[in-house]
Amino acid sequence: MKLVAVLVVLGTGAGCGYALAGRGNALPATIKTIGVPLFVNRSTTPEIDRSLTSAVLQEFQSRGRYQVKSEAAGVDAVLTGTIVNVLLPPVAFSRENQATRILIIVTASLEFKEVSTGRVIWANPSFQVRDEYDVTTGTSATDPTALFRQDQNALDRLSRSFARSVVASIFEAF
């Protein structure tokens, strides 16, 4: 009897307009092209702006619905961003009190605006993405530049995570 009730609830909920997270789209139909110019980097981590901007461009392109450009001219909507800070607090230590795992926190100020109306569709002045990484040497625990030089995969994973979160937030209007 419980199985029948569950099936009835699932069957009636199928037409309610719910979708899986990350698959929605709250953008106006007038937006066909999206510009993502290079983010401004106010952090002390060189080149992170390039990696994050590139990942966001790729994430928008992977959605397949829009033409995506790396400039603000000639587009229907534009995403501008400033990388405010990159922090690396240690979260795990060895017996010798050396950091073995760090938490990377990137904070950015982002704004997605419809160009023709000037209307801000989505903004987050303190957008954060966090991820943890194993430390490969003792020198990279507190220096993001050293970490990303030694472990390009860490920067790539962080950039993809950042991009997925930003694009999902824009499409779902969170």
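Predicted model: local features only at pLDDT ≥ 70, side-chain atom pairs only at ≥ 80, totals over all residues.

**Entry 1: a loop residue.** I began with Glu47, which I found in the loop between strand E2 (40–41) and helix H2 (48–62). I looked up the backbone of Glu47 and noted a positive phi of about 70°, although Glu47 is not a glycine.

**Entry 2: another loop.** Next I turned to Asn97, in the loop between strand E5 (90–93) and strand E6 (99–114). Asn97 is not a glycine, and yet I read a positive phi of about 65° there. Is Asn97 buried or exposed? I count Asn97 as exposed because its relative accessibility is 58%, and the cut-off for exposed is over 50%.

**Entry 3: into strand E6.** I then went to Ser109, which sits in strand E6. Its relative accessible area is 28%, so I put Ser109 down as partly exposed. Which residues does Ser109 touch, leaving out those up to four places away in sequence? I listed Thr80, Gly81, Thr82, Val84, Asn124 and Pro125. I also checked Ser109 against Phe39: they are 70 residues apart in sequence, and their C-alpha atoms are 9.6 Å apart in space.

**Entry 4: a helix serine.** My last stop was Ser159, in helix H4 (residues 152–172). I marked Ser159 as buried because its relative accessibility is 2%, where buried means under 20%. Not counting residues up to four places away in sequence, Ser159 touches Ser51, Leu52 and Ala55. With Ser51 I noted a polar contact too, side chain to side chain, at 2.6 Å from Ser159.

Terms used:
Residues numbered from 1 in each chain as written. Heavy atoms only, no water. Helix = DSSP H or I, 4+ residues; strand = E, 2+ residues; numbered from the N terminus. Buried < 20%, exposed > 50% of the residue type's maximum accessible area, 1.4 Å probe, protein only. Contact = heavy atoms within 4.5 Å. Polar contact = N/O pair within 3.5 Å; in protein donor to acceptor, adjacent residues only side chain to side chain.
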